Amino acid sequence: APAAAGVAARVTAVGIVSPIELIRTKVQAKKNYTYKELTDVISKAIQNNGLRTLWRGLPSTLYRDVPFSALLWFAYEPLKQRLLSQCLNGESKFVVPVVASAVSSGVASILT
């Protein structure tokens, strides 16, 4: 269930952020855009190619991000539970999620 939730969250986040990433990329490509020039470029792209043009990079971003999120959450929850079960009574439980996150992120990064 955590892996499925991670995948759903990543797909939603990428779908929302994708148009913003496109705009950011355009701004970085030409650093001196005025707000009006940027809006004109985006408007012209939408007129020529439709609203879908704002999500043009979505498939490649999903191919990159979804497997990572699935692997991260697949590894994180069991690892966190195992580490928590081995904590001594007085140990801080703050460190366990941080360690579990670091290890599962590292594993997911290597595998993807």
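1. Read along the sequence, the protein follows an α-α-α-α pattern, with four helices and zero strands in total. Helices (H or I, at least four residues) and strands (E, at least two) are taken here as DSSP runs, and they are numbered from the N terminus. The radius of gyration is 20 Å, well over the 13 Å given by the globule rule for 112 residues, so the protein is more spread out than a compact globule. That radius is taken over C-alpha atoms, and the rule is 2.2 Å times the number of residues to the power 0.38.

2. A word on the basis of these notes: this is a predicted model, in which local features need pLDDT of at least 70 and side-chain atom pairs count only at pLDDT 80 or more, whereas totals for chains, interfaces and linings use all residues. Residues are numbered from 1 along each chain as its sequence is written, and side-chain values use heavy atoms, with hydrogens and water left out.

3. Along its principal axes, the C-alpha trace of the protein spans about 60 × 25 × 20 Å. Of its 112 residues, 20% count as buried, where buried means under 20% relative accessible area, exposed means over 50%, and partly exposed lies in between (1.4 Å probe, protein chains only). The protein exposes about 7,900 Å², of which carbon and sulfur atoms supply 64%; such areas come from the Shrake-Rupley method with a 1.4 Å probe, and for residues only the protein chains shown count as cover.

4. A contact means heavy atoms within 4.5 Å. Among contacts between residues at least 6 apart in sequence, 66% join residues at least 24 apart.

5. What does V14 touch, leaving aside its neighbours within four places in sequence? V14, which lies in helix 1 (residues 2-29), is in contact with L58, T61, L62 and D65. With a relative accessibility of 7%, V14 counts as buried. The C-alpha atoms of V14 and W55 are separated by 9.5 Å, although these residues are 41 apart along the chain.

6. The count of salt bridges comes to four, a salt bridge being a side-chain nitrogen of Lys or Arg within 4 Å of a carboxyl oxygen of Asp or Glu. One of them joins R24 and E21, whose closest N and O atoms are 2.5 Å apart. Being three residues apart in helix 1, R24 and E21 are separated by about one helical turn. R24 is partly exposed at 38% relative accessible area, and E21 is partly exposed at 34%.

7. Another salt bridge links K36 with D40, the closest N and O atoms being 3.2 Å apart. K36 and D40 are four residues apart in helix 2 (residues 35-49), and about one helical turn separates them. K36 is exposed, with a relative accessible area of 56%, while D40 is partly exposed at 40%.

8. Is K80 buried or exposed? K80, in helix 3 (residues 58-85), counts as buried at 17% relative accessibility. Not counting residues up to four places away in sequence, K80 touches V96, P97 and A100. The side chains of K80 and E77 meet in a salt bridge (3.9 Å, N to O), and E77 counts as partly exposed at 23% relative accessibility. Three residues apart in helix 3, K80 and E77 are separated by about one helical turn.
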